[in-house]
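Please look through the model shown here, and then consider the questions that follow.

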Amino acid sequence: MSAGVIGFIGAGNMGSALIGGIVKARCAGPENIIVYDVIREKSLDLRNRYNVTIAESLSEVVIRAGTVVLAVKPQNMSEVLDEISTTLKNVYESGAYPLMISIAAGISLGYLEERLPEGVPLIRVMPNTPALVLKGASALARNAHVRDHQMEWALKIFQSVGFACEVEEKLMDAVTGLSGSGPAYVLLFLEALTDAGVFTGLPRPLARELVLHTVAGTVALVQETNKHFADLKDMVTSPGGTTIHGLRVLECAGFRGNIFDAVMAAARRSKELGT
Ligand SMILES: NC(=O)C1=CN([C@@H]2O[C@H](COP(=O)(O)OP(=O)(O)OC[C@H]3O[C@@H](n4cnc5c(N)ncnc54)[C@H](O)[C@@H]3O)[C@@H](O)[C@H]2O)C=CC1
Ligand SMILES: O=C(O)[C@@H]1CCC=N1
């Protein structure tokens, strides 16, 4: 096992987003990243793009990596854990356990502990897809076997692809419903806003540019002024003007309530996936 080697089990949307981000941010060189996916084309694609190493089996990742990221769907987690459990015991007999990191929605530390040998250091993470462009948001929760330096290393990995912080595990379902699933809500909004621009007569490329600059500019406005969202909203909203007419339609359609419901539904699903 090499301490600096990061192994990935699963190279789908999220595994590849993290690998791309880690390489771009130079958190680890491609020579220190090893990947295994049951669909070999996915690993080959990553090797073509980033020059990372391909493993021939799950066990090879566990044997060679000091940190192993489990990036398979929650539904595939049980089979993966069964398969790596024995290898983990063998690795321990010749040294120490690798740090195991799961990014699977809903899969709790307790679930992982039950299926892996006693004493394995485990971190549960909820990242999101903007990690691919180093703008991700991740929350990390650890079990009792994770030492501070291991947590710092894991935070460093996820900070290399954006914002990352440690939270108590009881907050993970809420984090999943908000920032894990959040990019999809935002993209739906961006798409709807663009379509609305097209509906009112704007050429699509222009509508898209206006939407992207409006959203990026608004985020920058909040970050730079640090003002409350409502104060900045009021700045846009003239008495009897255009904005208040638009806002009224959104309020009457239950815009805020729908967002509450969406985040709650996703958080509930995260909880269900872990049971
Ligand atoms: N997509 C997202 O926005 C986010 C996903 N997640 C979590 O990340 C995990 C992965 O999600 P995605 O990347 O979206 O899914 P995905 O389906 O794109 O990727 C999963 C990969 O795992 C591979 N796989 C399945 N069984 C395997 C096995 N036994 N050994 C090795 N590889 C195997 C599949 O071939 C696939 O490439 C999930 O647990 C999800 O909850 C977390 C945060 C955000
Ligand atoms: O939809 C999902 O289950 C995953 C977890 C968070 C974002 N995507």
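Q: Which residue just after H11 takes a positive phi?
A: This is a predicted model, in which local features need pLDDT of at least 70, side-chain atom pairs count only at pLDDT 80 or more, and totals for chains, interfaces and linings use all residues. Residues are numbered from 1 along each chain as its sequence is written, while chains are lettered from A and ligands numbered from 1 in the order in which they are written. Helices (H or I, at least four residues) are DSSP runs numbered from the N terminus, as are strands (E, at least two). Just after H11, a positive phi of about 75° is taken by glycine 254.

Q: How many buried residues does helix H11 have?
A: A residue is buried if 20 or more other C-beta atoms lie within 10 Å of its own, exposed if 12 or fewer, and partly exposed in between, with C-beta atoms placed from the backbone. Helix H11, residues 242-252, is hardly covered, and among its 11 residues the count of buried ones is zero.

Q: How do H7 and H12 lie to each other?
A: Helix H7 (residues 172-180) and helix H12 (residues 255-273) pack with their axes 7 Å apart and at an angle of about 135°, where axes are lines fitted to C-alpha atoms, for helices over the stretch in contact, and angles run from 0 to 180 degrees between N-to-C directions. Angles under 35 degrees count as roughly parallel, over 145 as roughly antiparallel, 65 to 115 as roughly perpendicular and the rest as oblique. H7 and H12 are therefore oblique.

Q: What share of the protein chain's residues count as buried?
A: The protein chain has 12 helices and eight strands. Of its 275 residues, the share that count as buried is 35%.
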